[in-house]
Amino acid sequence: MSSLKTNDKQVLEKLFQMNGGGVLNFTHRTQFEFFRDDVGVNISDEKYNYASGSKANLVRGFWMVASDSLVSKFVSSIIAYIENQILIGDLSRADFPLALITRGYEIANSLIGIAPNKSTDIMSVKEDEFINREFKRLSLDAL
């Protein structure tokens, strides 16, 4: 069972556009494929069936039973999915404020014991500068 708290769930539900039973621009098929390919989970497994079985409720059911490390992998992977969907024009940047994206990554990191980096006050940095700096940092980390 993950240790997500109510405030974390509210942030993630907003970020993943889970109102009305959906999740982002997923269909049932694409959500199944995302969980299979990017998280390594069969989201159709009965253990994740929660309430109505909607796409959003499957995610909520996953949060209730999955380990912190698996939920962290899901959160990081779905944020990467959002960024890719923005890049290819299937989602709008305006719907995903930098502060919300950053908080999502912080939640994912906290689930695996990584404390937030308070050396960067994201509210004082222009979005493009922050993204470029993070891209460079991630590129250097990969070396």
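Biologist: Which exposed residues does the face of H2 turned away from its buried side carry?
Modeller: That face carries Arg29 and Asp37; exposed denotes over 50% relative accessible area, buried under 20%, and partly exposed in between (1.4 Å probe, protein chains only). Helices are DSSP runs of H or I with at least four residues, numbered from the N terminus. The model is predicted: local features need pLDDT of at least 70 and side-chain atom pairs count only at pLDDT 80 or more, while totals for chains, interfaces and linings use all residues. Residues are numbered from 1 along each chain as its sequence is written, and side-chain values use heavy atoms, leaving out hydrogens and water.

Biologist: And which residues of H2 are buried?
Modeller: Gln31, Phe34, Phe35 and Val39 are the buried ones. They lie on the same side of H2 because their arc around the axis is only 95°, taken from the directions from the helix axis to the C-beta atoms.

Biologist: What covers them?
Modeller: The cover includes helix H3 (55–65) and helix H4 (68–87), where contact means heavy atoms within 4.5 Å.

Biologist: What follows H2?
Modeller: Gly40 does, with a positive phi near 75°.

Biologist: New topic: which residues touch the most other members of the largest nonpolar core?
Modeller: Among its 35 residues, they are Phe16, Phe62, Trp63 and Phe74. Such a core is a set of buried Ala, Val, Leu, Ile, Met, Phe, Trp, Tyr and Cys residues joined through side-chain atoms within 4.5 Å.

Biologist: Which helix gives the most to this core?
Modeller: H4 does, with eight residues.

Key:
Helices (H or I, at least four residues) and strands (E, at least two) are DSSP runs, numbered from the N terminus.
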